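Please read the points below alongside the sequence and the structure.

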Amino acid sequence: MKAIGYAERGPVSAEAAVVEFETADPTPGSNDLLVEVRGVSVNPVDVKVRANRPPPEDGPRILGFDAAGVVRSVGDAVIRFKPGDEVFYAGEFTRPGSNAELQLVDERLVGKKPSSLDFADAAALPLTSITAWEILFDSFGLNEGEGAGESLLVVGGAGGVGSILIQLAKNLTALTVIATASRPDTQEWVRKMGADHVVNHRNPLNEEMKSLGIAPKYVAALTNTDDHFGALVELIKPRGHIAMIDDPQNLEIGAIKLKALSFSWEFMFARSMFQTEDMDTQHKLLSRVSELVDTGILMSTVNRNFGDLSVSNLRRALEHQGSSAAIGKTVLGGYSQS
């Protein structure tokens with residue numbers, strides 16, 4: 001099969017950072033689906049891994065942590081899907097990725113693709129939906145319908161995770177949602193996603209929230225947490241909860257003690273990396289997201305489509321993702337188109 005990977009770590013502009021090669025078709029294990037990839041998206045993790053982790057010695061590493069496609073064959077223990085099913089998923093951190101003609105994925109991590117979306121638009125949703133869902137319902141411990149009288153601050157609301165987190169919070173909880181965005185286009189985007197209020201993260205967030213007159217109980221710190229952490233601790237309610245997804249280097253975590261804050265670090269690959277007993281939670285939540293899309297409650301977060309999967313198109317998509325201009329999700333079609 002054809003695949004695209006990287007042969008040396010470093011910036012995406014380097015020649016060996018995005019290379020096409022041929023490799024053997026993968027064979028499904030007992031719980032695996034072999035998926036013909038029809039759509040992919042790019043994520044910040046693609047940029048980070050390519051820049052920091054060396055590829056394996058036996059050849060380029062295939063990246064890609066979101067996909068939508070058609071099941072070609074299944075392992076002998078698979079019970080949820082059959083050949084011909086249209087699916088979407090975020091895959092696993094330790095296995096070859098979705099930038100290929102074919103990919104193996106454990107069925108417990110896979111949902112039925114929304115029938116109302118094409119493959120590229122569907123591929124925008126899995127990783128970010130899982131991350132946002134786990135923040136709301138695992139980290140914050142909310143149940144659907146809860147949160148009346150409380151608010152959520154989403155730092156970096158126009159990004160991929162922020163875009164779907166705003167929608168989930170607005171449609172599945174009673175929380176008031178405040179999103180941060182600094183430009184007219186990103187402010188318009190987060191309002192489109194459903195944010196009740198918008199504040200500018202180019203200014204001190206504690207001052208922005210003070211002028212708004214809201215002290216949130218929940219904060220989703222999705223980007224630049226190093227820069228905002230002190231302000232977040234100041235603006236949040238006592239006994240509130242901060243959930244983070246980025247990789248800050250110098251957090252003064254002791255600052256949360258006086259307000260008795262809870263703190264969590266969300267990583268949606270943890271369940272698959274450690275083969276937890278509740279791995280199929282991700283299958284269930286992606287199936288729910290699919291239903292919510294098909295009933296018009298959630299919308300796709302695609303903002304840019306760079307065409308079919310190729311070296312040049314993937315490089316352009318990754319360069320866009322690594323820039324400050326990216327809004328929502330960036331997607332491509334697959335090698336195989338329906």
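1. Leaving aside residues up to four places away in sequence, Phe140 touches Ile135, Leu152, Tyr218, Val219, Ala220, His241 and Ala243, where a contact means heavy atoms within 4.5 Å. The model is a predicted one, in which local features need pLDDT of at least 70 and side-chain atom pairs count only at pLDDT 80 or more, while totals for chains, interfaces and linings use all residues. Residues are numbered from 1 along each chain as its sequence is written, and side-chain values use heavy atoms, with hydrogens and water left out.

2. Phe140 also belongs to the residues with the most contacts inside the largest nonpolar core, a group that includes Leu136, Leu152, Ile166, Leu168 and Val190 as well, and this core has 55 residues. Apart from it lies another core, of 27 residues, with Ile4, Val12, Val71 and Leu332 among them. A nonpolar core is here a set of buried Ala, Val, Leu, Ile, Met, Phe, Trp, Tyr and Cys residues joined through side-chain atoms within 4.5 Å; buried means under 20% relative accessible area, exposed over 50%, and partly exposed in between, with a 1.4 Å probe and protein chains only.

3. Phe274 sits in the loop between helix H8 (270-273) and helix H9 (281-294), and it counts as exposed because its relative accessibility is 64%. Helices (H or I, at least four residues) and strands (E, at least two) are DSSP runs, numbered from the N terminus.

4. How many aromatic pairs are there? The count comes to eight, taking rings of Phe, Tyr and Trp (its six-membered ring) as paired if their centres lie within 6.5 Å, with planes under 30 degrees apart counted as stacked, over 60 as edge-to-face and the rest as tilted. The pair of Phe93 and Phe269 is tilted, because the ring centres are 5.5 Å apart and the planes stand at 45 degrees. This pair links distant parts of the chain, 176 residues apart, with Phe93 in the loop between strand S6 (86-89) and strand S7 (102-106) and Phe269 in the loop between strand S14 (262-265) and H8.

5. Phe140 lies in the loop between helix H3 (126-139) and strand S9 (151-155), and Tyr218 in strand S12 (residues 218-221), so the pair ties together parts that are 78 residues apart in sequence. Both Phe140 and Tyr218 are buried.

6. The structure holds 19 salt bridges, each being a side-chain nitrogen of Lys or Arg within 4 Å of a carboxyl oxygen of Asp or Glu. One of them joins Lys113 and Glu86, whose closest N and O atoms are 3.6 Å apart. Lys113 lies in the loop between strand S8 (110-112) and helix H2 (119-123) and Glu86 in strand S6, so parts 27 residues apart in sequence are tied together. Lys113 counts as buried, at 4% relative accessibility, whereas Glu86 counts as partly exposed, at 37%.

7. Glu134 and Arg271 meet through their side chains in a salt bridge of 2.7 Å, N to O. Glu134 in helix H3 and Arg271 in helix H8 are 137 residues apart, and the pair links these distant parts of the chain. Both Glu134 and Arg271 are buried.

8. Asp280 forms a salt bridge with Lys284, with the closest N and O atoms 3.7 Å apart. Asp280 is buried, with a relative accessible area of 18%, while Lys284 counts as exposed, at 52% relative accessibility. A network of salt bridges links Arg80, Glu107, Asp280 and Lys284.

9. Two single positions remain. Pro55, in the loop between helix H1 (44-52) and strand S4 (61-62), counts as buried at 18% relative accessibility. Gly149, in the loop between H3 and S9, is exposed, with a relative accessible area of 76%.
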